[in-house]
Amino acid sequence: MTRPDFLIFAITVGSLVFFGGMAVLALSWSVREGQFRNLEHGSQTIFDPDEPIGEVTDRFPSNEE
Amino acid sequence: MSADSFAVERARIDASTRLPVLVWFASALFWLVFGSLAALAASLKMHTPEFLGASQALTFGFIRPIHLNTVVYGWSSMAGIGTLLWLIPRLARTMLVFPKLLVFSAIVWNIGVLAGTVGLFLGMTTGIEWLEFPPFVPPILTFALLIVTFCGFATFRQRNERHVYVTLWYVLGALVWMPAVYVIAVTLCVYQPAPGVVQAATNWWFAHNVLGLWLTPIGVGAAYYIIPKVLGRPIYSYYLSIVGFWALALFYSWAGMHHLIGGPLPTWLVSASVVGSIMMFIPVLAVALNHHMTMVGNFHHLRYSPTLRFVVFGAMAYTVVSFQGSIEALRSFNVISHFTHYTISHAHLGLYGFFSMVMFGCMYYIVPRLTEWEWASAGLIRLHFWCSAIGITLYFVALTVGGWHQGMMAQDASIAHISQVEFTKPYLWARSVGGTLMLIGNLTFALLFTLNLMKLGKRRVGETTFRTPMKAVRVS
């Protein structure tokens, strides 16, 4: 096996392990953490009592000083 | 916690990101203007070849990779990194860690892009599309990117919000994928070039993944935060958004080989890529459905919110460009559209119509919250939007129609090549007009950003930021 051939082989296998491994790890971690348990609640975590659901948070600047 | 304490917490978190995010954004805008000027020069040369033809460094072969690399690594990547550095602490409800280190990483990244651009002007290109920067540049960019990835995950680790919002999945995914994809690509294409078609396969695997595993997750992830946040309405189907993320993670990296349809690659490899491209309908449908259904009943807000206007335009362009991309991967379609201006229009709809417009929208939301200074002029924001929107639409329509006809003419062996070239000229002129409009839009935004950063003009606070953050901090 020539050096470039070995490199291609190593990178291909390494990529499989890296990308596949990361995906498996991330999925198993999120299941363990209960990330998928209450998605309704999850979708509302970007709101809070100061910027609640129903409140628009962007507008064109006014012309007043 | 009272409403005020939430406002204080949010203001403190935003403040922790101020310096690095503004440095990444300011640099991005410099490269946007620079890259747009190179783009316009390249576009004019397509129908007026003698334009700037006297200088070697300004010929098409030089200026085109300069445009590509400055808008991908300068503008898009830097705008994306600035946005994700603001998003991660907000969604993790914690301070950004090592902000000074992130400013340092922005300086290093700028040095890399600047050195690469000077190298390209001097003719030191690798000749590999999307990786043209000279061989001394990738280690600089990789080093800066690894700092960003490290700080992103270190911030995430300190999170006070237990739930990982879908945007976080996307941006953290991008931070893992991009360094790996970049290092693998430069290794097999530049430092230890793989023999034969493996190099071409790696090249297009990389080029497509820059879009799919780097810019797309940042753009889509940002839209998943900005649209519901601006409207004050949760995403239509959060479940679908999670499915969409995992489907993207699973299928996008397959898609690159559709650039090599008809090339001397093993058929199974190209076929697998075509299948992966078609499977992308799943995450794209999930995103399209979610963005559209969240907006239903709220389209009137587009009149009042600059952020929403840009992000929704970007989200719609994402749907169009992604469906188009999947169809372009079909062999029967590809044989006509590939190697024509059709592909160029598709690429620009993705990088400008989708990604850049989402980034503009994000910046309109983020910057006033960091500088505590209102945007200088609603009129200039409108000018920016309409120049960019009409510019990219004209560009897309002209090159799509012209490119398709060009492809059909190429199928007929009796039509001389020069006839195709002559035929495309009016469409190329239309492209230059569209490009000029986009340049005007970009310059307008750069002016607005500079005015805001330097706090020039009358003091304006209120409408954009809604609650002056530091006032909230002081009240506490």
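A nonpolar core, as I use the term here, is a set of buried Ala, Val, Leu, Ile, Met, Phe, Trp, Tyr and Cys residues joined through C-beta atoms within 7 Å. I keep in mind throughout that this is a predicted model.

**Entry 1: the cores.** I looked up the largest nonpolar core and found that it has 143 residues. Val171(B) and Val358(B) have the most contacts inside it.

**Entry 2: around Val171(B).** Leaving out residues up to four places away in sequence, I listed what Val171(B) touches: Leu84(B), Leu87(B), Ile88(B), Pro217(B), Ile218(B) and Gly221(B).

**Entry 3: helix α6(B).** I followed this helix along residues 197-231 of chain B, 35 residues in total. From first C-alpha to last it reaches 49 Å, close to the 51 Å expected. Where does α6(B) kink? I found the kink centred on Asn209(B), at about 40°. I see that α6(B) is mostly covered, with 31 of its 35 residues buried.

**Entry 4: where the chains meet.** How many residues of chain A are in contact with chain B? I read 31, and they meet 47 residues of chain B. On the chain A side, the elements giving two or more residues are α1 (3-32) and α2 (39-43). The largest share, 9 residues, comes from α1(A). Sorting that side by class, I got 15 nonpolar, 10 polar and 6 charged residues.

Definitions and conventions:
Residues are numbered from 1 along each chain as its sequence is written. Chains are lettered from A and ligands numbered from 1 in the order in which they are written. This is a predicted model: local features need pLDDT of at least 70, side-chain atom pairs count only at pLDDT 80 or more; totals for chains, interfaces and linings use all residues. Two residues are in contact if their C-beta atoms, placed from the backbone, lie within 7 Å. Helices (H or I, at least four residues) and strands (E, at least two) are DSSP runs, numbered from the N terminus. Ala, Val, Leu, Ile, Met, Phe, Trp, Tyr, Cys and Pro count as nonpolar, Asp, Glu, Lys and Arg as charged, and the others, Gly among them, as polar. The expected span of a helix is 1.5 Å times one less than its number of residues. The bend at a residue is the angle between axes fitted to the seven residues ending there and the seven starting there. A residue is buried if 20 or more other C-beta atoms lie within 10 Å of its own, exposed if 12 or fewer, and partly exposed in between; C-beta atoms are placed from the backbone.
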